[in-house]
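Me: I have a structure open and would like to learn how to read it. Could you take me through it, feature by feature?

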Amino acid sequence: QVQLVESGGGLVQAGGSLRLSCAASGSIFSIDAMGWYRQAPGEQRELVAAITSDGITNYADAVKGRFDISRDNAKNTVYLQMNSLKPEDTAVYYCNAIITRASMTPRYKYWGQGTQVTVSS
């Protein structure tokens, strides 16, 4: 069994910062890409940022220059540093990871349970 557990969400004023963490645990052989998505009420889930196992990053245009994704492979953890937050960043943030549970077995995408980020104006 594999679990992704997020932490770090909360309420912050516009212009403030938050740091999200997501730790993967359980039966894990390797982790490829990890990423963060978000979903606002009435909207589709969208990619915020992603990072490969080699550290190559990709960001949504809306967060470029404000958010920074990083990972600690030894801890199976991905982080999202969010700066200069705006009210439109308000959403439930989900982490995901492409995980192989054993050698020579398929990879699957796993999701965390989500953490609420609310930015007040």
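Me: Let me start with a single residue. Which residues does Ile 51 touch, leaving out those up to four places away in sequence?
Reply: This is a predicted model, so let us read contacts as the model places them. Ile 51 touches Asp 32, Ala 33, Met 34, Ile 56, Thr 57, Ile 69, Ser 70, Arg 71 and Val 78. Ile 51 itself is found in strand E5.

Me: How far apart are Ile 51 and Asn 96, in sequence and in space?
Reply: They are 45 residues apart in sequence, and their C-alpha atoms are 11 Å apart in space.

Me: Now the strands. How do I read the pairing around E5?
Reply: The general idea comes first: strands of a sheet pair through backbone hydrogen bonds, either parallel or antiparallel. In this model, E5 (residues 46-51) runs antiparallel to E4, and five bridges join them. To find one of these places, look at Trp 36, whose bridge partner in E5 is Ala 49.

Me: What lies between E4 and E5?
Reply: The two strands form a hairpin with six residues between them. In the turn you will find Gly 42, which has a positive phi of about 75°.

Me: Which other strand pairs with E4, and in what sense?
Reply: E4 (residues 30-39) also pairs with E9, in the antiparallel sense, over eight bridges. Here you can look for Gln 39, whose bridge partner in E9 is Val 92.

Me: What is the strand order in the open sheet of four strands?
Reply: The order is E1-E3-E8-E7, with antiparallel pairing. E1 (2-7) and E7 are the edge strands, as each pairs on one side only. Neighbouring strands of this sheet are turned by 15° against each other on average, with direction ignored. Glu 6 stands opposite Cys 22 in E3.

Me: Cys 22 is a cysteine. Which residue forms a disulfide with Cys 22?
Reply: Its partner is Cys 95, and the two sulfur atoms are 1.9 Å apart. The structure holds one disulfide. Cys 22 is buried at 0% relative accessibility, and Cys 95 is buried with a relative accessible area of 0%.

Me: What about charged side chains? How many salt bridges does the structure hold?
Reply: Side chains of opposite charge can pair when their charged atoms come close. This structure holds five salt bridges. One of them is between Arg 107 and Asp 32, with the closest N and O atoms 2.8 Å apart. Arg 107 lies in E10 (residues 107-111) and Asp 32 in E4, so this pair ties together parts that are 75 residues apart in sequence. Arg 107 counts as exposed at 53% relative accessibility, while Asp 32 counts as partly exposed at 22%.

Me: Finally, which residues touch the most other members of the largest nonpolar core?
Reply: In soluble globular proteins, nonpolar side chains tend to be buried together. The largest nonpolar core here has 29 residues, and Trp 36, Leu 80, Met 82 and Tyr 93 touch the most other members. Several strands supply at least two residues each, including E1, E3, E4 and E11 (115-120). E9 gives the most, with five residues.

Methods
Residues numbered from 1 in each chain as written. Predicted model: local features only at pLDDT ≥ 70, side-chain atom pairs only at ≥ 80, totals over all residues. Heavy atoms only, no water. Disulfide = S-S within 2.5 Å. Buried < 20%, exposed > 50% of the residue type's maximum accessible area, 1.4 Å probe, protein only. Pairing = 2+ DSSP bridges. Salt bridge = Lys/Arg side-chain N within 4 Å of Asp/Glu carboxyl O. Contact = heavy atoms within 4.5 Å. Axes fitted to C-alpha atoms, helices over the stretch in contact; angles between N-to-C directions. Core = buried A, V, L, I, M, F, W, Y, C linked by side-chain atoms within 4.5 Å.
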